[in-house]
Amino acid sequence: QIDVDALHFDIDTPRIVLGETTRAIVTITAKTADGAALDVAAPSLTVSTGTLSPPARTKPGTWTTTFTPPKEAFPHVALVTATVDTASSTALAFLPIHLWGKGQTTVKTKPRSTVTVFIGNDSFGPVVAGADGAAKVDIVVPPGPERAVAKAVDDVGNESQKTIDLGVPTFNRIAAVALDAVAPGDDARVVVLAVDKK
C-alpha cells in the first residue's frame, strides 16, 4: 500500500537563485493518519540534481536535510523524493525545488532607447541602449518560461515591443521511485512524478 499523506516537505528558501543561493534547508515531517509522529525510520531521499545531506532527526517524526544546488546555471527543477517503509505501507512524497537562473539578455533596438524586459510578473531594467542600439539587461529566470517580452521606448517617446527567446535548455521533468526490490522478470511497483513547464 502507498501512503501519499504521511510525509510533508517544507523548504526555508522559497527562491533559489543558481550562483547566489548556496544551500537550502528542507524539513521532512512524517505523521500517521491520526496525526501522531511517524517515527519508524529516517526517510530515504533522492534528488534529480544538486545534492542532499543525510537526513538528521530533529524530533520524533521530523528530519532536516541540506539541499546544495547544482553548478548548472540555467533555470530548471530539482525533484526530491522521500520514502519511509512501515510494516503496512510505503509513505511517499515528492518536492519540486524551483531553481532560478541568473543571466543577461541583449536587446537590439534604436540607440538610446530605454529597455525593460518582462518575464512573467517580474520586470528587469530599465536599461538605456548604447549608440549601437544594444541594451544589456540583467535577468533572473524561473524554470519554465522560454521567452520574455522586451519593451523599448525611444528618446522621443515611441514604444516598441518584441519577444525574446531566452535560450533555456530542456531539463528533466520526471522522477521515478521503485517501491519494490525484485528479481529480474518480476513485477514491480513504480511511482512517477512529472512536472509541467509551469
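Predicted model: local features only at pLDDT ≥ 70, side-chain atom pairs only at ≥ 80, totals over all residues.
Residues are numbered from 1 along each chain as its sequence is written, and side-chain values use heavy atoms, with hydrogens and water left out.

**Overall look.** I checked the extent next, and the C-alpha trace spans about 75 × 40 × 30 Å along its principal axes. For secondary structure I found zero helices and 17 strands (DSSP runs numbered from the N terminus: helices are H or I, at least four residues, and strands are E, at least two). Of the 198 residues, 38% are buried (under 20% relative accessible area; exposed is over 50%, partly exposed in between, with a 1.4 Å probe and protein chains only). I also looked at contacts (heavy atoms within 4.5 Å): of those between residues at least 6 apart in sequence, 54% join residues at least 24 apart.

**Thr 65.** I found Thr 65 in strand E8, residues 62–68. Thr 65 counts as buried because its relative accessibility is 2%. A polar atom of its side chain lies 2.6 Å from the backbone oxygen of Ser 53. Beyond four places in sequence, its contacts include Ala 24, Val 26, Leu 45 and Ser 53 itself.

**Leu 79.** Leu 79 sits in strand E9, residues 76–85. Is Leu 79 buried or exposed? It is buried, with a relative accessible area of 1%. Leaving out residues up to four places away, I noted that Leu 79 touches, among others, Val 47, Leu 95, Ile 174 and Val 195.

Most residues other than glycine have a negative phi, and most peptide bonds are trans. Against that, I found a cis peptide bond between Gly 125 and Pro 126, with omega about 0 degrees. Pro 126 belongs to strand E12, residues 122–128. Arg 112, not a glycine, has a positive phi near 65 degrees. I placed Arg 112 in the loop between strand E10 (90–108) and strand E11 (114–119).

Key. Polar contact = N/O pair within 3.5 Å; in protein donor to acceptor, adjacent residues only side chain to side chain.
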